[in-house]
Structure formats: C-alpha cells, structure tokens
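Reader: I am new to this structure and would like to be walked through it. Could we begin with the terms and then go on to the parts?

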Amino acid sequence: MQPSAPSPAPSPAPSAAPRFDERLTAPRSWWAIVGLLGLSGGLIMFPLGTVPTLGGLIAATVLAGVAVSSYGSARIRVVAGSLVAGDARIPVTALGAAEVLDAEEARAWRTHKADPRAFMLMRSYVPGAVRVAVTDPADPTPYVYLSSRVPEALVAALEAERA
C-alpha cells in the first residue's frame, strides 16, 4: 500500500457561497403522523377490498407526505449580499440591527408584540428566532421575523455580510 499524497490546501470559498443556510424541516413526530394518516386512508377503503385499501393507503400517505414536506421546506440563507427567507430576498444594505430572540421572547414577537406589516417566516416548532429591523425608507415593513434553530449563527452571518 502506497502512502497517499498530501491533499492541497483548501481554496477559499467563492463569494457566492452562502454564509448561512438553514432549512426549517418539520419535526420527526410529524412524519409519524403522516404514517398514521396513510393507515387511516387504508382503513377507510378497507370495506371495498384489497386493491382500494392499498390505493387509499398509498394516496393518503403521499398526500400527507407532500403537505409536510412542502411546509418543512422553508429555507433561510445569507448569500451574495442578501438575506433570502422563503420567497423574500432582501439586500443586507436595507437591513438594520439583528436581535436574537430566545423562546419566550420569540413567542411574544409572534403574538402580542407582532406588527401585521412585518415579514414573518415562522415555524411554531422552532423555539428560537431572529428579528431584523428593516431600514429602507421605501419599504413599509418594520422588521423581518425569522424562526431559526441557530439564531446566533444567523445574526453573525448578517453582521459578516454587512461588513
């Protein structure tokens, strides 16, 4: 066996590489519910025979799986001078200070402190969040609220992109 040659030093990441990338996937327990919904679809079709039972099982499982997967496909990225949250793309230059919110404060900003004009990408099963002020005078949105499992990393990426 010959020793392998040392690998070259890693090159710096291109500027288009995301500084932050998080997908807000649905919790595992929701996938168990998908299985139970599939079973329910099969049981509903059971009196009609074997083939309809299998059809109901497959159809209900697929439909519930698509619904959970699409809801859990929300993505937050900081890339190329922009904050991309779901379908929204906001230049970092139009953003102000970012604030990490713990679970209690995040719940408050989702409920009684919430402004109806704010852009919110929230998932109730994600406890932490980030609130970023919008400083663009032409934009009526006062802030952006983003659920995040690693809010400190998101704030750090926004600060690094701004610098």
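Author: Two strands pair if DSSP finds at least two bridges between them. Helices (H or I, at least four residues) and strands (E, at least two) are DSSP runs, numbered from the N terminus. This is a predicted model, in which local features need pLDDT of at least 70, side-chain atom pairs count only at pLDDT 80 or more, and totals for chains, interfaces and linings use all residues. Residues are numbered from 1 along each chain as its sequence is written, and side-chain values use heavy atoms, with hydrogens and water left out.

Reader: Thank you. How many helices and strands does the chain have?

Author: The chain has four helices and eight strands. Along the sequence they follow the pattern β-α-α-β-β-β-β-α-β-β-β-α.

Reader: Which strands form the open sheet with mixed pairing, and in what order?

Author: That open sheet has four strands, in the order β5-β7-β8-β6. At its edges stand β5 (95–101) and β6 (119–121), each with a single partner strand, so one side of each has no neighbour in the sheet. From one strand to the next, the twist averages 15°; such angles run from 0 to 180 degrees between N-to-C directions, with axes fitted as lines to C-alpha atoms, for helices over the stretch in contact.

Reader: And how many bridges join β7 to β8?

Author: Five bridges join β7 to strand β8 (residues 143–147), and the two run antiparallel. Arginine 131 stands opposite tyrosine 145 in β8.

Reader: Let us stay with β7 for a moment. Where does alanine 133 lie, and what does it touch?

Author: Alanine 133 lies in strand β7, which covers residues 129–134. Not counting residues up to four places away in sequence, alanine 133 touches Ala94, Leu95, Gly96, Ala97, Pro142 and Tyr143, where contact means heavy atoms within 4.5 Å.

Reader: Why is alanine 133 counted as partly exposed?

Author: Alanine 133 has a relative accessible area of 26%, so it counts as partly exposed. Buried means under 20% relative accessible area, exposed over 50%, and partly exposed in between (1.4 Å probe, protein chains only).

Reader: Now the other sheet, please. What is the order of the open sheet with antiparallel pairing?

Author: Its four strands have the order β1-β2-β3-β4. The edge strands are β1 and β4 (88–91), each pairing on one side only. Here the twist averages 10° from one strand to the next.

Reader: How many bridges are there between β1 and β2?

Author: Strand β1 (residues 20–23) and strand β2 (residues 75–79) pair over four bridges in the antiparallel sense. Within that pairing, aspartate 21 has arginine 77 of β2 as its bridge partner.

Reader: What do β2 and β3 form?

Author: They form a hairpin with two residues between them, and alanine 80 in the turn has a positive phi of about 50°. Four bridges join β2 to β3, with valine 78 opposite leucine 83 in β3.

Reader: Changing topic, where does helix α4 lie?

Author: Helix α4 (residues 151–162) lies across β5, β7 and β8, at about 160° to β5.

Reader: Which residues of α4 are buried?

Author: Pro151, Leu154, Val155, Ala157 and Leu158 are buried in α4. Seen down the axis of the helix, they fall within an arc of 160°, so they line one face; the arc is that of the directions from the helix axis to the C-beta atoms.

Reader: What covers those residues?

Author: The cover for the buried residues of α4 includes β1, β2, β3, β5, β7 and β8.

Reader: Last topic: how many residues has the largest nonpolar core?

Author: The largest nonpolar core has 27 residues, and those with the most contacts inside it are Ile76, Leu83, Leu95, Leu146, Leu154 and Leu158. A nonpolar core is a set of buried Ala, Val, Leu, Ile, Met, Phe, Trp, Tyr and Cys residues joined through side-chain atoms within 4.5 Å. Its largest share, four residues, comes from α4. Apart from this core lies another, of seven residues, among them Leu101, Ala118, Ala129 and Tyr143.
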